[in-house]
Amino acid sequence: MRHLKITATKNYKRGKYLYAILKLLAGDHVEGMNLLDVHKWRSNTYVVDKLWNQVKRYFYGMNMILIMPPRACELNKLENRCNKCFYYKEMARFMELVYRG
Ligand SMILES: [Zn+2]
């Protein structure tokens, strides 16, 4: 949760948004929905899209590159994991789920 903390301090709304989405994904639907409603994001999806793009850049910029596996690990084959690319591919699988819905 270290990255989430950094996000929350650097950009209050981005952190709140990410936290709300994680709550929803974790199954805390009521809390997640309440958090999203605090800033009336349901009726202002333009703002949400901006935050989403920031979150996306943040994840790829900081997180993914730090644990980028070697080229030998075929990045598009998420099922084939060795101990070098395990963390990366676990994250990539999750991100894929988020993008494709
Ligand atoms: Zn590997």
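Biologist: Which loop does Lys40 lie in?

Modeller: Lys40 sits in the loop between helix H3 (29–38) and helix H4 (45–66). Helices here are DSSP runs of H or I with at least four residues, strands are runs of E with at least two, and both are numbered from the N terminus. This is a predicted model, where local features need pLDDT of at least 70, side-chain atom pairs count only at pLDDT 80 or more, and totals for chains, interfaces and linings use all residues. Residues are numbered from 1 along each chain as its sequence is written.

Biologist: What about phi of Lys40?

Modeller: Phi of Lys40 is positive, near 55°, and the residue is not a glycine. Most residues other than glycine have a negative phi.

Biologist: Is Lys40 buried or exposed?

Modeller: Lys40 is exposed, because 9 other C-beta atoms lie within 10 Å. Buried takes 20 or more other C-beta atoms within 10 Å of the residue's own, exposed 12 or fewer, and partly exposed is in between, with C-beta atoms placed from the backbone.

Biologist: Switching to H2, which residues are buried?

Modeller: Those are Tyr17, Leu18 and Ala20. They cover an arc of only 160° around the axis, so they are on the same side of H2; the arc is that of the directions from the helix axis to the C-beta atoms.

Biologist: And which exposed residues are on the face turned away?

Modeller: Tyr12 and Ala26.

Biologist: What follows H2?

Modeller: Gly27, with a positive phi near 100°.

Biologist: How many helices and strands does the protein have?

Modeller: Five helices and zero strands. Of its 101 residues, 8% count as buried.
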